[in-house]
Structures are given as structure tokens and as C-alpha cells.
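Please have the sequence and the 3D view open as you read.

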Amino acid sequence: MSDWIVSIIEGGGYVGIAFLMALENIFPPLPSEVIMGVAGVAVAEGRMAFWPLLVWSTLGATLGNYAWFLLGDRLGYERMRPFVDRHGRWLTMDWRQVEATSRFFRRWGQWVVFFLRFSPLMRTIISLPAGLAHMGHWKFLIYTLAGTAIWNAALIWGAGLMARWFREFEHYMGDAVLVLVVVMTVFYIYRVMTWKAVNHDPRDPPT
């Protein structure tokens with residue numbers, strides 16, 4: 001996978017970076033750390049410039065997150081109840097948890113979106129519940145853009161400092177991605193096997 005990332009960056013330049021960062025936020029196992037690591041090394045070697053890289057990578061990541069947000073906003077959490085009631089175990093959530101998440105997002109959602117941009121596992125997933133809770137579009141975009149810009153700048157800067165080390169260990173990145181996918185899969189299976197629904201409110205209709 002790391003070879004494919006390098007080929008996209010070398011062939012597509014800044015537009016290729018934007019494409020990869022958008023894809024990373026739609027398909028989480030493609031890590032931004034690897035994408036921005038390769039691009040950061042290119043900056044350190046003089047083949048790319050810091051500011052255009054930061055702008056294009058941030059726009060791409062924001063668009064990828066916005067796709068999940070639009071899906072959630074179009075659905076709305078109210079329309080999900082039959083699906084959640086039927087498939088709660090596989091989602092590892094029940095309807096009360098969905099409602100609690102929605103209330104939380106209406107109050108604190110912008111800060112959750114901002115700070116989880118720094119979380120490798122949660123930065124993509126969080127866009128869907130933000131949309132389901134009908135968070136304001138501009139609010140979502142502004143806080144996503146701000147958090148993403150800070151995170152990408154840190155990755156570019158860090159990759160520049162570790163450019164020599166990164167080149168030496170770049171071929172191990174594919175294995176690192178595979179390990180991440182396996183860990184996420186094992187965690188999900190554990191969640192499914194140990195999940196128990198919260199007792200429903202007696203006023204809820206039977207399902």
C-alpha cells in the first residue's frame with residue numbers, strides 16, 4: 001500500500017495528495033500518517049512546498065469527512081431507529097445510546113469534531129454522528145478544517161524532522177497498516193461478543 005501511496009503522490013502532486021486525504025477519510029485503514037509522512041519527506045527534500053501541501057491536504061481531508069457528514073445529515077438519527085433496533089448488536093449500540101449521542105452533539109459537537117481530528121481511530125467515524133445529529137454544516141466544516149490543518153501541519157513538520165528515518169523504514173508502512181486493520185477488526189469482534197443492550201424505557205413501543 002505504501003508503494004501505491006508514493007506512486008499517487010509522485011504522479012498527481014498536490015492534487016494526488018488531496019485525493020489520498022479525501023480517500024483516507026472515507027476508507028480509514030488508509031492512514032493519513034503515511035500519506036503526510038511521504039509528502040513531508042518530499043517537502044524536506046525540496047520536491048514540494050509546505051503551504052501548498054498543507055492547503056491541498058487539508059481540503060482533501062475536509063471533503064472526505066464532509067461526505068460522511070452529508071450521509072448522516074441526509075438520514076437523520078430519527079430514521080435509523082428500526083435499523084438500530086434490529087441490528088443493534090452488530091452496530092454495538094442501542095437506540096438510547098444513539099439519542100444520547102445526538103443530544104451530546106447538539107451541545108458540544110463542534111469541539112468533539114475538532115479534537116478528534118487528532119485521533120487516528122476516531123477522526124473519520126465522528127463525521128457520521130455529527131451529520132446524524134444535524135450539526136450545522138458551516139460549523140462542522142470550520143471546526144473540521146481547523147483541526148485538520150493543525151494535524152496536517154504537525155505531520156508535515158514531524159516527517160521533515162524524521163526524513164532520513166522515514167526513508168529507511170518506509171517499506172514497513174504496509175505492514176503497519178495491516179496490523180492496524182487487524183487490531184480494529186479484533187476490537188470490533190470483542191465489542192460484538194460482549195455487547196449488551198441497555199434496557200429500553202417502558203414507554204417505548206415493543207420491537
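**An aromatic cluster and its surroundings**

Ring pairs join Trp111, Phe114, Phe115, Phe118, Tyr143 and Trp151 into a cluster. Rings of Phe, Tyr and Trp (its six-membered ring) pair if their centres lie within 6.5 Å; planes under 30 degrees apart count as stacked, over 60 as edge-to-face and the rest as tilted. This is a predicted model, in which local features need pLDDT of at least 70 and side-chain atom pairs count only at pLDDT 80 or more, while totals for chains, interfaces and linings use all residues. Residues are numbered from 1 along each chain as its sequence is written, and side-chain values use heavy atoms, with hydrogens and water left out.

**Overall build**

- The chain has nine helices and zero strands; helices (H or I, at least four residues) and strands (E, at least two) are DSSP runs, numbered from the N terminus.
- Of the 207 residues in the chain, 42% are buried; buried means under 20% relative accessible area, exposed over 50%, and partly exposed in between (1.4 Å probe, protein chains only).
- Among contacts between residues at least 6 apart in sequence, 76% join residues at least 24 apart, where contact means heavy atoms within 4.5 Å.

**Aromatic pairs**

- The structure holds ten aromatic pairs.
- In one of them, the rings of Phe50 and Trp51 have centres 5.1 Å apart and planes at 90°, so this pair is edge-to-face.
- Phe50 is partly exposed at 27% relative accessible area, whereas Trp51 is exposed at 61%.
- The rings of Phe118 and Trp151 have centres 6.2 Å apart and planes at 55°, so this pair is tilted.
- That pair links distant parts of the chain, 33 residues apart: Phe118 lies in the loop between helix 5 (95–115) and helix 6 (127–132), and Trp151 in helix 7 (residues 137–161).
- Phe118 is partly exposed at 28% relative accessibility, while Trp151 is buried at 19%.

- At 1.5 Å a residue, the 25 residues of helix 7 should span 36 Å, and its end C-alpha atoms are 36 Å apart, which agrees; the expected span is 1.5 Å times one less than the number of residues.
- Buried residues of helix 7 include Phe140, Leu141, Thr144, Gly147, Thr148, Trp151, Asn152 and Leu155.
- An α-helix has 3.6 residues a turn, so residues three or four places apart point the same way.
- In the loop between helix 6 and helix 7 you will find His134, which has a positive phi of about 55° although it is not a glycine.
- His134 is partly exposed, at 36% relative accessible area.

**Surface features**

- Val15, Val55, Trp56, Leu59 and Leu145 make a nonpolar surface patch of about 440 Å².
- Patches are made of residues with over 30% relative accessible area and no salt bridge: like charges are joined within 9 Å, nonpolar side chains (Val, Leu, Ile, Met, Phe, Trp, Tyr) within 5 Å.
- Helix 3 (residues 50–75) gives the most to this patch, with three residues.
- Trp56 is found in helix 3 and is partly exposed at 37% relative accessibility.
- The structure holds one salt bridge, a side-chain nitrogen of Lys or Arg within 4 Å of a carboxyl oxygen of Asp or Glu.
- Glu45 forms a salt bridge with Arg47, with the closest N and O atoms 2.7 Å apart.

Technical notes:
Accessible areas come from the Shrake-Rupley method with a 1.4 Å probe; for residues, only the protein chains shown count as cover.
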